[in-house]
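Have the sequence and the model open as you read.

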Amino acid sequence: MEFRVLGEFEAVTDGRQVDLGHARQRCVLAVLLLDADRTVTADRLIDRVWGSHPPLRARNSLHSYLYRLRRALEPTDVGIVRQPGGFLLELNSATVDLHRFRVLVDQARAAEDESRGLELYDQALRLWRDEPFHGLNTAWLDTVRDTLTAERLAVRLDRNDLALRQGRTGDLVRELFALAVQHPFDERLILQLMLALHLSGRRAEALEQYQRLRLRLAQEFGTDPGAPVQALHRKLLAEDPGPVLAVPAPETPGRPAGVPTATTATVPPVPPPRSRMRLPVLLVLLIAAGLLMTASTFAPTTGTVTGFQAARQPRTGFVRIQPAHTAQVGLCLSEGRDRTGPDDREIAVQRQCAGAVPPRTTLQPLGGDIYRIWWHHPTKGDGCLTVIDIKGETGLRMEPWDDCPDFRMYQQFRIQPVDTPVPGGYRFLPLRTSEQCIGVVEPSTDLGAELTQETCDGQGDQEFLIEAE
């Protein structure tokens, strides 16, 4: 039996595909697979498969899907077992391509012979056929997909370092150009491309890549490239690359920070489903004290903000965010409830400022004009406001999640100064999209009107005032 998740999700036994049923039923198996050898409660399965809008008889549908999956897997040694707390998928983790990928990567990082390490990296990367779980779409699986895609990129960059140390720049330049199109702000990737171009005798193109990166960062984030890229640029200008062109081997083999490690018994864990605010109160106290609010701590790139943007950086610490078009009637960003779903989860709405004590709001700078918006709730803890879907559509609401890693762009916002129609305001642009702003739904002056992602139009419902609390 083999489960393939690094592409279209499928199960294969004796050379033939197992019929896993329709997409929703396959989602149930995907959830169990990613928690293999661990009991998954029915509530968690429902949340991960249907999100905030499950059907009226979700448990009946779930039990029906599990019955059909058991029948489909009967001829194999894989079983779905009913447990006191839920359901458990029993299988050998080596039958999952994701597990084999991670085992090969760990072996590559530990290999003393670099040629052998490069061979192991290539074996691992050949297991990828497409985006993970291609064809399955739920909010939770979208998060898993983002995590695994970021992990794959980190492995590819580790593999590139090894290839550069061995002087294998032939096909690497072409691969790096393609990656740079997909990840134009990744400084490690651009540094590798510059180095590969130089080693291929294309110094002028390497310098051109630096200028493109510098302009992109200045226009998008108001920052300069980081020190390693600048050091390489100076060496290339001097026509004396010297030791900076040597790609160092990692001091110790291991997975990049934030990437789960492989185990021998189970498929390694993925991030939890979106959840309510539960982080320690200590975090918000540190934010208020300014101990977690430096760009050097969180910035994805380095540099300074200059000019008009620097003069109009929003306040940090505890703030009050007011939709500019309601400033005269005193409405502020605060907590409301999603009454359309079964779990009544928190969402961002506008309420009277005087009654908007819980939650308190802080802005966390991540470099340039990029911020997270944190809510501190006296009973629910801390969470960062998150656009609840990552696809870029309009009409998507915001809710607080307590799982806020740095790679998750739909939890980050560009806060840009604007002076129309109200002077001294800001607009909030979800980092994942290029043409979407946060605005207030129509009628935009109503109490409880939701904040959603919508097409930027320059109107007052998409402008916000930021004041000290």
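A disulfide joins C384 to C404, with an S to S distance of 2.2 Å. The model is a predicted one. Its disulfides come to three in total.

**The link of C384 and C404**

- C384 lies in strand 11, residues 381-387. C404 sits in the loop between strand 12 (396-401) and strand 13 (413-418).
- The pair therefore ties together parts that are 20 residues apart in sequence.
- The torsion about the S-S bond is about -105 degrees, so this disulfide is left-handed.
- C384 has 0% relative accessibility and counts as buried.
- C404 is at 16% relative accessibility. Buried means under 20%, so C404 counts as buried.

**The link of C332 and C353**

- C332 and C353 are joined by a disulfide, S to S 2.0 Å.
- The pair links distant parts of the chain, 21 residues apart. C332 is in strand 7 (residues 331-337). C353 is in the loop between strand 8 (346-352) and strand 9 (360-367).
- This link is right-handed, with 90 degrees about the S-S bond.
- Both C332 and C353 are buried.

**The link of C437 and C456**

- A disulfide connects C437 and C456, with S to S at 2.0 Å.
- C437 belongs to strand 15 (residues 436-440). C456 falls in the loop between strand 16 (451-455) and strand 17 (464-468).
- The two cysteines are 19 residues apart, and the pair links distant parts of the chain.
- The torsion about the S-S bond of C437 and C456 is about 100 degrees, so the disulfide is right-handed.
- C437 is buried, at a relative accessible area of 0%.
- C456 is at 26% relative accessibility.

**Another cysteine to find**

- Is C27 buried or exposed? C27 has 3% relative accessibility, so C27 counts as buried.

How values were computed. Residues numbered from 1 in each chain as written. Predicted model: local features only at pLDDT ≥ 70, side-chain atom pairs only at ≥ 80, totals over all residues. Heavy atoms only, no water. Disulfide = S-S within 2.5 Å. Helix = DSSP H or I, 4+ residues; strand = E, 2+ residues; numbered from the N terminus. Buried < 20%, exposed > 50% of the residue type's maximum accessible area, 1.4 Å probe, protein only.
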